[in-house]
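Please read the following briefing alongside the sequence and the model.

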Amino acid sequence: MDDQYKNFSRKSFESTILFIGQYSCPPNYFYRGNNVRDNYVIHFIQEGQGTFSSANHPAVTLKRGDAFILPKGVPCFYQADGEKPWKYFWIGLSGTKIKTMLSGSQLFTKRYLRQVQDSEFYKHLLQLYQALKQPSSLPNDIRVEALTYQMFYDLVTEYPAKKQQLNNKAANQLQLAEYYLKENYQNVTCNIEDLSHHLNISRSYLYTLFKNHLSISPQKYLTQLRMENASQLLRTTNESVQAISRQVGYKDEFTFSKAFKRYSGFSPKIYRQKVSY
């Protein structure tokens, strides 16, 4: 029997491997658990075929050599074929950098990729899966970390997200918007409404500009700037959570802590404990 499942407790926070698994599905098998995941799960189809669909995307038939992803917070449905049921392995990931890395690829926007078996992406995805099956040790943990980033590098270079071309005016507006947020995110008064007033454009146009060309909303872009700075401060300083919350643009510790836990999966205090060696 080659069906497998394994959980992991080691954490890197920026790119955490939560679990791996492998399953040879019976005919017409479909997952009966929660179809909205709290993490990202990349699947690679080793044999057979099946049907896959996710919210706002049409159903597709996928087969051996294809890959698909269950995105965090997105309803998905996938079912093995009745005659040639699929066998696949999967890797579940979480962390503050996972969405950022995934968003640069077609896998994030399309939810699937066809015939990747000859790609560098698949080569390192498989090596990562095999490394994760080994007992934890310092050399293997380093190899897992390296292979994780190598796999994402291959994904975004071999299957980059297709972005619309910006005209000069839109490119300038986007550049100014990014600059404004990077310069002002530490200020508690920095918000998207003020940004749209500053650029003299509507919030809906600003939202479209960010979503079409950065695959993220302006508000999430602002939150990401704040959370990444907060993560660094929690790792490298002994400042209180209250002080850090003010430094990254939050009025109070409670609001910051809720936002940080939504973003990273951990409260600021737990995050700090976990990354302290």
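## Helix packing and sheet pairing

Helix α3 (residues 120-132) packs against helix α4 (residues 138-158) at an angle of about 160°, and their axes lie 8 Å apart. The axes are lines fitted to C-alpha atoms, for helices over the stretch in contact, and the angles run from 0 to 180 degrees between N-to-C directions. This is a predicted model, in which local features need pLDDT of at least 70 and side-chain atom pairs count only at pLDDT 80 or more, while totals for chains, interfaces and linings use all residues. Residues are numbered from 1 along each chain as its sequence is written, and side-chain values use heavy atoms, with hydrogens and water left out.

**Helices α3 and α4**

- α3 and α4 are therefore roughly antiparallel to each other, where angles under 35 degrees count as roughly parallel, over 145 as roughly antiparallel, 65 to 115 as roughly perpendicular and the rest as oblique.
- α3 passes α4 in a left-handed crossing, a term for the near helix being turned anticlockwise from the far one by less than a right angle, with clockwise giving a right-handed crossing.
- On the α3 side the contact (heavy atoms within 4.5 Å) involves residues including Phe-121, Leu-125, Leu-128 and Leu-132, and on the α4 side residues including Val-144, Leu-147, Met-151 and Leu-155.
- By class, the contact of α3 with α4 has 9 nonpolar, 5 polar and 4 charged residues, with Ala, Val, Leu, Ile, Met, Phe, Trp, Tyr, Cys and Pro counted as nonpolar, Asp, Glu, Lys and Arg as charged, and the others, Gly among them, as polar.

- The axes of α5 (residues 168-184) and α8 (residues 218-236) come within 10 Å and cross at roughly 35°, and α5 passes α8 in a right-handed crossing.
- Glu-178, Leu-181 and Lys-182 of α5 meet Pro-218, Tyr-221, Leu-222 and Leu-225 of α8, a contact with 5 nonpolar, no polar and 2 charged residues.
- α5 also packs with helix α7 (residues 203-214) at an angle of about 95°, with the axes 11 Å apart, and the two helices are therefore roughly perpendicular to each other.
- Among the residues making this contact are Leu-174, Ala-177, Glu-178 and Leu-181 of α5, together with Leu-206, Leu-209 and Phe-210 of α7, and by class the contact has 9 nonpolar, 2 polar and 1 charged residues.

**The three-stranded sheet**

- An open sheet of 3 strands runs in the order β5-β4-β7 with antiparallel pairing, where two strands pair if DSSP finds at least two bridges between them.
- The edge strands β5 (60-63) and β7 (76-80) each pair on one side only, and neighbouring strands of the sheet are turned by 25° against each other on average, direction ignored.
- β4 (residues 49-54) pairs with β7 over 5 bridges and with β5 over 4 bridges.
- Gly-50 stands opposite Leu-62 in β5 and has Ala-80 as its bridge partner in β7, while Ser-53 stands opposite Phe-77 in β7.
- β4 and β5 form a hairpin with 5 residues between them, and Asn-56 in the turn has a positive phi of about 65°.

**The chain as a whole**

- The chain has 11 helices and 9 strands, which are DSSP runs numbered from the N terminus (helices H or I, at least four residues; strands E, at least two).
- The radius of gyration of the chain is 20 Å, close to the 19 Å that the globule rule gives for 277 residues, so the chain is as compact as a globular protein of that length; the radius is taken over C-alpha atoms, and the rule is 2.2 Å times the number of residues to the power 0.38.
- Taken along the principal axes, the C-alpha atoms fill a box of roughly 60 × 45 × 30 Å.
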